[in-house]
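Please look over the sequence and the fold before reading on. The paragraphs below lead from a few terms to the places where they apply.

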Amino acid sequence: MNLTILVIVGSVIVVGLAIYAGYLLVKLKKQQALVIRHQELAIEKRNANIFENVNTLCMVGIQGQCDLSEISIRVYCIMDYVQGEQRIDFEKQFPAISELYHIVKDMPRGEARQVMPKKERMQQNLERTKAEGRLGDDIIRELTTLKDMIQPLNQQIQIQMV
């Protein structure tokens with residue numbers, strides 16, 4: 001009789017532990033799903049912020065308020081941080097912006113440019129100006145296309161704690 005009671009008590013303990021383990025497993029899966037959803041929302045919010053900044057840069061470039069070389073550097077670099085399905089391949093979709101970026105990306109800017117010898121600075125100015133002149137109209141068209149393309153993607157995501 002003692003043995004039967006011990007077997008029953010042992011079985012109850014094993015069944016109880018199995019039920020508790022199942023409960024913890026379900027809870028873990030829910031938590032993992034919640035973490036994945038939060039990551040997706042964070043990526044969407046980050047992308048929306050990037051698109052808002054790129055939209056502003058596109059407007060500045062279209063209106064001629066900044067050099068196209070500076071716009072191409074900023075837009076190309078910022079769009080490199082877009083994640084997920086909204087990522088854009090600049091080399092294929094925006095070849096003029098990409099070409100100008102690759103021409104001017106290694107040219108010094110700011111203080112580094114000021115300490116360069118005048119002849120070298122003028123040489124780079126000439127190269128940059130020629131590239132901007134040659135690609136200018138295409139870049140304006142591409143900026144307009146990019147602006148129209150990211151406009152529907154630029155939505156502010158409200159994150160709620162679940």
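A residue is called buried under 20% relative accessible area, exposed over 50% and partly exposed in between, with a 1.4 Å probe and protein chains only. By that scale aspartate 89, at 36% relative accessibility, counts as partly exposed, whereas lysine 92 is exposed, with a relative accessible area of 70%. This is a predicted model, in which local features need pLDDT of at least 70 and side-chain atom pairs count only at pLDDT 80 or more, while totals for chains, interfaces and linings use all residues. Residues are numbered from 1 along each chain as its sequence is written, and side-chain values use heavy atoms, with hydrogens and water left out.

Side chains of opposite charge can pair when their charged atoms come close. A salt bridge here is a side-chain nitrogen of Lys or Arg within 4 Å of a carboxyl oxygen of Asp or Glu, and the whole structure holds eight of them. One of them joins lysine 92 to aspartate 89, with the closest N and O atoms 4.0 Å apart. Another salt bridge, at 3.4 Å from N to O, is formed by the side chains of arginine 37 and glutamate 40; these two residues are separated by about one helical turn because they stand three residues apart in helix α1 (helices are DSSP runs of H or I, at least four residues, numbered from the N terminus).

Glutamate 132 and arginine 128, by contrast, are both buried, and their side chains meet in a salt bridge of 3.3 Å, N to O. Both lie in helix α6, four residues apart, and together with Asp67 they are linked in a network of salt bridges.
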